[in-house]
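Walk through this model with the coordinates open.

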Amino acid sequence: MTTGAVSLDQLVGWLSRFRDLVTEQQGYLTDLDSAIGDADHGSNMSRGMNAVMEKIGALQAEGAPATSIDGLFKSVGMTLVTSVGGASGPLYGTFFLRMGVTAGPVTSLDGAALSAALRAGLGGVLARGKAEAGDKTMVDAMAPALDALDASLDAGADCAAAASAAFDAATAGRDATEPLVARKGRASYLGERSAGHLDPGATSTALLFEALADTLGR
């Protein structure tokens, strides 16, 4: 279990676990997107995260694995931007790119640094997607997750416990999107008909924090 800093290897493990979760849930994410979007969120996320792990694996096989967190997340972000269609690639790609810039050329992150990197990622999503809380987007899961992470860290929790709190909050944020009327993205074209459905982006974001909690809690 993680009690101190989060290592570069653990962050790679986070990405791998996220890939596994979005692949396992590909059909479900696509079903959600079929109701209010383009029916491609599951396939896009699975394709993108498989491309990410293939890129990481290729670098490792060549003897040139990521040696710093900024390098890792730059590679992840660029891979997602170039391999994922729709809004998911640019938004998740920007999230990881901003994380890397803020983390810098280090090999581990303590709780404060992890929070700062994740906050920068959220800032990138907000800037790129122009969404706010309540718009029925991934922000509705990500923002409360980071608030819970910070509250947990401020209370003296370690990174693993904080990640678990973040996952719980992301899940609640995801569930809270169901009655909302979408104000951004493809779903916004449906108006009132978008209510009554979970947002696919918020759902994959909850998987992102589930993967972090799983990885740090091992």
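Salt bridges link R17, E24 and D214 into a network. A salt bridge here is a side-chain nitrogen of Lys or Arg within 4 Å of a carboxyl oxygen of Asp or Glu. The model is predicted, so local features need pLDDT of at least 70 and side-chain atom pairs count only at pLDDT 80 or more, while totals for chains, interfaces and linings use all residues. Residues are numbered from 1 along each chain as its sequence is written, and side-chain values use heavy atoms, with hydrogens and water left out.

E24 counts as exposed because its relative accessibility is 54%. The classes are set by relative accessible area: buried is under 20%, exposed is over 50%, and partly exposed is in between (1.4 Å probe, protein chains only).

The whole structure holds six salt bridges. One of them joins D20 to R19, at 2.9 Å from N to O. D20 has 28% relative accessibility, so it counts as partly exposed. R174 and D175 form another, with N to O at 2.9 Å. D175 is partly exposed too, with a relative accessible area of 38%.

Now the rings. Rings of Phe, Tyr and Trp (its six-membered ring) pair if their centres lie within 6.5 Å. By this rule there are five aromatic pairs. W14, F73, F95 and F96 make up one aromatic cluster.

F73 leads on to helix 4, being among its buried residues. Helices are DSSP runs (H or I, at least four residues) and strands likewise (E, at least two), numbered from the N terminus. Helix 4 covers residues 69-83, 15 residues in total. How far apart should its ends be? The expected span is 1.5 Å times one less than the number of residues. That gives 21 Å, and the end C-alpha atoms are 21 Å apart, which agrees.

The buried residues of helix 4 are I69, L72, F73, S75, V76, G77, T79 and L80. Their cover includes helix 1 (8-24), helix 3 (41-61), helix 5 (88-103) and strand 2 (108-109).

Is L149 buried or exposed? It is buried, with a relative accessible area of 1%. Beyond its neighbours within four places in sequence, L149 is in contact (heavy atoms within 4.5 Å) with S115, L118, A162, A163 and A166. V22 lies 127 residues away along the chain, and the C-alpha atoms of L149 and V22 are 22 Å apart.

Note on methods:
Phe/Tyr/Trp six-rings, centres within 6.5 Å; stacked < 30°, edge-to-face > 60°.
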